[in-house]
Amino acid sequence: MKRSRMEHEKKIDTANHYDCLETDVREDARKNFNRQPYKSVDVAQYIAKKFGIGGDADGRRTENHE
């Protein structure tokens, strides 16, 4: 009859599994993972550029038709 594994045996197996995953990484995968971050963009500027919205001093919106 097969006995069930104890909790500490499960924890050891899980820890060994994750240790193996962290150490066995291909070099090309490591290079692809360490990529440059995206440029930081102000949300208001992004929305204004995307929808062609320009602001006036009195708060009215004007749309640019290019």
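Guide: One term is needed at the outset: a residue is called buried under 20% relative accessible area, exposed over 50%, and partly exposed in between. Please note also that this is a predicted model.

Visitor: Is R26 buried or exposed?
Guide: R26 is found in the loop between α1 (7–23) and α2 (27–33). The cut-off for an exposed residue is over 50% relative accessible area. Because its relative accessibility is 58%, R26 counts as exposed.

Visitor: With which side chain does the side chain of R26 meet in a salt bridge?
Guide: In general, side chains of opposite charge can pair when their charged atoms come close. A salt bridge requires a side-chain nitrogen of Lys or Arg within 4 Å of a carboxyl oxygen of Asp or Glu. For R26 the N to O distance is 3.2 Å, and the partner in the salt bridge is D28.

Visitor: How far apart along the helix are K10 and E7?
Guide: The side chains of K10 and E7 meet in a salt bridge, at 3.7 Å from N to O. An α-helix has 3.6 residues a turn, so residues three or four places apart point the same way. Because K10 and E7 are three residues apart in helix α1, their separation is about one helical turn.

Visitor: Which residue forms a salt bridge with R5?
Guide: R5 is partly exposed, with a relative accessible area of 45%. The closest N and O atoms of the pair are 2.2 Å apart, and the partner is D13.

Visitor: How many buried residues does α3 have?
Guide: Helix α3 covers residues 43–51, and F51 lies in it. This helix has nine residues and is hardly covered. The count of buried residues in α3 is zero.

Visitor: What is the area of the nonpolar surface patch that includes F51?
Guide: The patch is made by V41, V43, Y46, I47 and F51. Residues in a patch have over 30% relative accessible area and no salt bridge. The area of this nonpolar patch is about 500 Å².

Visitor: What percentage of the residues of the protein chain count as buried?
Guide: The protein chain has three helices and two strands, and from the N terminus on its elements run α-α-α-β-β. Its accessible surface comes to about 7200 Å². Of its 66 residues, the share that count as buried is 3%.

Definitions and conventions:
Residues numbered from 1 in each chain as written. Predicted model: local features only at pLDDT ≥ 70, side-chain atom pairs only at ≥ 80, totals over all residues. Heavy atoms only, no water. Patch = residues over 30% accessible without salt bridge, like charges linked within 9 Å, V, L, I, M, F, W, Y side chains within 5 Å. Areas by Shrake-Rupley, 256 points an atom, 1.4 Å probe, with all protein chains shown as cover. Helix = DSSP H or I, 4+ residues; strand = E, 2+ residues; numbered from the N terminus. Buried < 20%, exposed > 50% of the residue type's maximum accessible area, 1.4 Å probe, protein only.
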